[in-house]
Amino acid sequence: MYNTFKPEQPMSLMDFVRAAKSCVREITPQALLDKLNAREDLLLLDVREHGEFETGHIKGAQLVPRGIIEAAADPSYPKHLPELAAARDRQIVVYCATSGRSAMAAAVLQMMGFKNVLNMEGGYTRWVDDGMPQVHEATY
């Protein structure tokens, strides 16, 4: 994957986001809320940073910042997240603030062998704008 880099054609953040979104499936906030209300078995990952998570998040979401998603998902890494590492066949929904970081996280998870990964359209910003329920609690 990294061997495709060409210094004469540097990529921008949005190039990475577009590439990720071209290979991941998305879910609307309402469809996610419906799944949560139906108590479907899914792993909900918030890939924003700690401070963003503490200002508000979706109930039941686990914080796994985008910068550590590969380590958290790899069972051979000593500090992996057991629930994520064991979820290769489980439905996973990923979100961030606007859906860019989460699209890249979803694409990486797919490359790591996770079979049912969804990216939430519009991220947490759309979740809030659509009037969906939020949790406001600090974590320590």
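Let's start with Tyr 124: this residue is buried, with a relative accessible area of 8%. Buried here means under 20% relative accessible area, exposed means over 50%, and partly exposed is in between, with a 1.4 Å probe and protein chains only.

A word on the source. This is a predicted model, where local features need pLDDT of at least 70, side-chain atom pairs count only at pLDDT 80 or more, and totals for chains, interfaces and linings use all residues. Residues are numbered from 1 along each chain as its sequence is written, and side-chain values use heavy atoms, with hydrogens and water left out.

Back to the tyrosine. How many aromatic pairs does a search of the whole structure find? The count is 1. Tyr 124 and Tyr 95 form that pair, and the pair is stacked, at 6.1 Å centre to centre with 25° between the planes. The rule: rings of Phe, Tyr and Trp (its six-membered ring) pair if their centres lie within 6.5 Å; planes under 30 degrees apart count as stacked, over 60 as edge-to-face, and the rest as tilted.

The pair links distant parts of the chain. Tyr 95 is in strand β4 (residues 91-95), Tyr 124 is in helix α7 (residues 123-129), and they are 29 residues apart. Helices (H or I, at least four residues) and strands (E, at least two) are DSSP runs, numbered from the N terminus. Tyr 95 is buried too, with a relative accessible area of 0%.

Arg 48 lies over the face of its ring, 4.4 Å from the ring centre. That requires NZ of Lys or CZ of Arg within 6 Å of the ring centre and within 35 degrees of the ring normal.

Next, helix α2, residues 29-37. Its buried residues are Pro 29, Leu 32, Leu 33 and Lys 35. Where do the buried residues of α2 fall, seen down the axis? They fall within an arc of 160°, so they line one face of the helix. The arc is taken from the directions from the helix axis to the C-beta atoms. These buried residues pack against β1 (25-27), β2 (42-46), β4, β5 (116-120) and α7. Contact means heavy atoms within 4.5 Å.

Arg 39 is in the loop between α2 and β2. Its phi is positive, about 55°, although Arg 39 is not a glycine. Arg 39 is exposed, with a relative accessible area of 75%. Ser 99 is in the loop between β4 and α6 (100-111). Its phi is near 100°, again a positive value in a residue other than glycine. Ser 99 is buried, at a relative accessible area of 2%. Not counting residues up to four places away in sequence, Ser 99 touches Lys 21, Glu 26, Asn 119, Met 120, Glu 121, Gly 122 and Gly 123.

Now the cores. In soluble globular proteins, nonpolar side chains tend to be buried together. A nonpolar core here is a set of buried Ala, Val, Leu, Ile, Met, Phe, Trp, Tyr and Cys residues joined through side-chain atoms within 4.5 Å. The largest has 24 residues, and those with the most contacts inside it are Leu 45, Ile 69, Leu 84, Ile 92, Val 94, Leu 109 and Phe 114. Which elements each supply at least two residues? They are α1 (13-21), β2, α4, β4 and α6. Helix α6 gives the most, with 7 residues. A second, separate core has 15 residues, including Leu 42, Leu 44, Phe 53 and Ala 61.

Take Ile 69. Leaving aside neighbours within four places in sequence, Ile 69 is in contact with Leu 45, Val 47, Val 64, Leu 84, Ala 105, Val 108 and Leu 109. Then Ala 73, in helix α4 (residues 69-73). Ala 73 is buried, with a relative accessible area of 0%. Ala 73 and Ala 85 are 12 residues apart in sequence and 4.4 Å apart in space, C-alpha to C-alpha.

Last, cysteines. A disulfide is a pair of cysteine sulfur atoms within 2.5 Å. The count comes to 0. Cys 23 is partly exposed, with a relative accessible area of 44%, whereas Cys 96 is buried, at 1%.
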